[in-house]
Amino acid sequence: AKTVVDEARGLLYLVSLDEPLVAVFDLATESFQAPIATSDRGIGVALSRQRDRLYVGLESVTETSGAFISVIDLAARQEERVFDLGVISGPRPEQPVQMAELLLDPAESQVFATTLHDAQAGILVFDPDTGELLEQVDLEPENPARLGGALDLDFLNGQLIATSENIDGFGLLRVLS
């Protein structure tokens, strides 16, 4: 998601594809508050209510390729650190890994991040406290040269559902356990 609602605070957080910041919209007053600076432009965002943290998938960090996650302390309203997941883009390692969707599991013990088609890195699964990459979910097991990309994620009855695209541009729905 590129937006997420913080019901406890009555705020909507929006990541910017153009600027290195998270816009903060107050739902009660229908006005913007001061934005929260990030290390680079945001692609996807997820809210951890348990940790009071916002996770933002960054497009790149100072022109370095890889998969980076900004961790924002919501009480302090600032970026506290950036996780480097240690993943590079498939055929073009100089390109940043773009993460279109971030999603915490229901227990908030793992964060799932889709990678777009060009990244070919599958779904990245990382620990929200340490940033340790736990797994790369293969969305194209029939194609040993790539892990595939996905556009959207959600949990349904305890199963992770991903909409993905394959090399021919056709959409796919994957049910992952």
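Count the salt bridges in this predicted model and you get 9 of them.

| Salt bridge | Closest N and O atoms |
|---|---|
| Asp52 and Arg9 | 2.7 Å |
| Arg41 and Asp40 | 4.0 Å |
| Arg41 and Glu59 | 1.9 Å |

Take Asp52 and Arg9 to begin with. How open are they to the outside? Asp52 has a relative accessible area of 22%, so it is partly exposed. Arg9 is partly exposed as well, because its relative accessibility is 36%.

Now for Arg41, which shows up in two rows of the table: it forms a salt bridge with Asp40 and another with Glu59. Asp40 is buried, since its relative accessible area is 12% and the cut-off for buried is under 20%. Glu59, at 13%, therefore falls on the buried side too.

Arg41 has another neighbour to meet, Ser16. You'll find Ser16 in the loop between β2 (11-15) and β3 (21-26). Ser16 and Arg41 are 25 residues apart along the chain, yet their C-alpha atoms are separated by 5.9 Å. Leaving aside residues up to four places away in sequence, Ser16 touches Leu21, Arg41 and Gly42. Its relative accessibility is 14%, so Ser16 counts as buried.

Which residues are linked in a network of salt bridges? They are Arg53, Asp73, Glu80 and Arg81.

On to the strands. There is an open sheet of 4 strands, running in the order β5-β6-β7-β8 with antiparallel pairing. At its edges are β5 (42-48) and β8 (78-84), each of which pairs on one side only. Going from one strand to the next, the twist averages 25 degrees. In a regular strand, the side chains alternate between the two faces of the sheet.

Zoom in on one end of that order. Strand β7 (residues 68-73) pairs with β8 in the antiparallel sense, over 6 bridges. Within that pairing, Ser70 stands opposite Val82 in β8. The two strands, β7 and β8, form a hairpin with 4 residues between them. In the turn, Arg77 has a positive phi of about 55 degrees.

Follow the chain past β8 and you come to Gly86, in the loop between β8 and β9 (102-104). Gly86 counts as exposed because its relative accessibility is 63%, and the cut-off for exposed is over 50%. How far apart are Gly86 and Leu133 in sequence and in space? In sequence they are 47 residues apart, while in space the C-alpha to C-alpha distance is 7.6 Å.

Note on methods: Residues are numbered from 1 along each chain as its sequence is written. This is a predicted model: local features need pLDDT of at least 70, side-chain atom pairs count only at pLDDT 80 or more; totals for chains, interfaces and linings use all residues. Side-chain values use heavy atoms; hydrogens and water are left out. Two strands pair if DSSP finds at least two bridges between them. Axes are lines fitted to C-alpha atoms, for helices over the stretch in contact, and angles run from 0 to 180 degrees between N-to-C directions. Buried means under 20% relative accessible area, exposed over 50%, partly exposed in between (1.4 Å probe, protein chains only). Contact means heavy atoms within 4.5 Å. A salt bridge is a side-chain nitrogen of Lys or Arg within 4 Å of a carboxyl oxygen of Asp or Glu.
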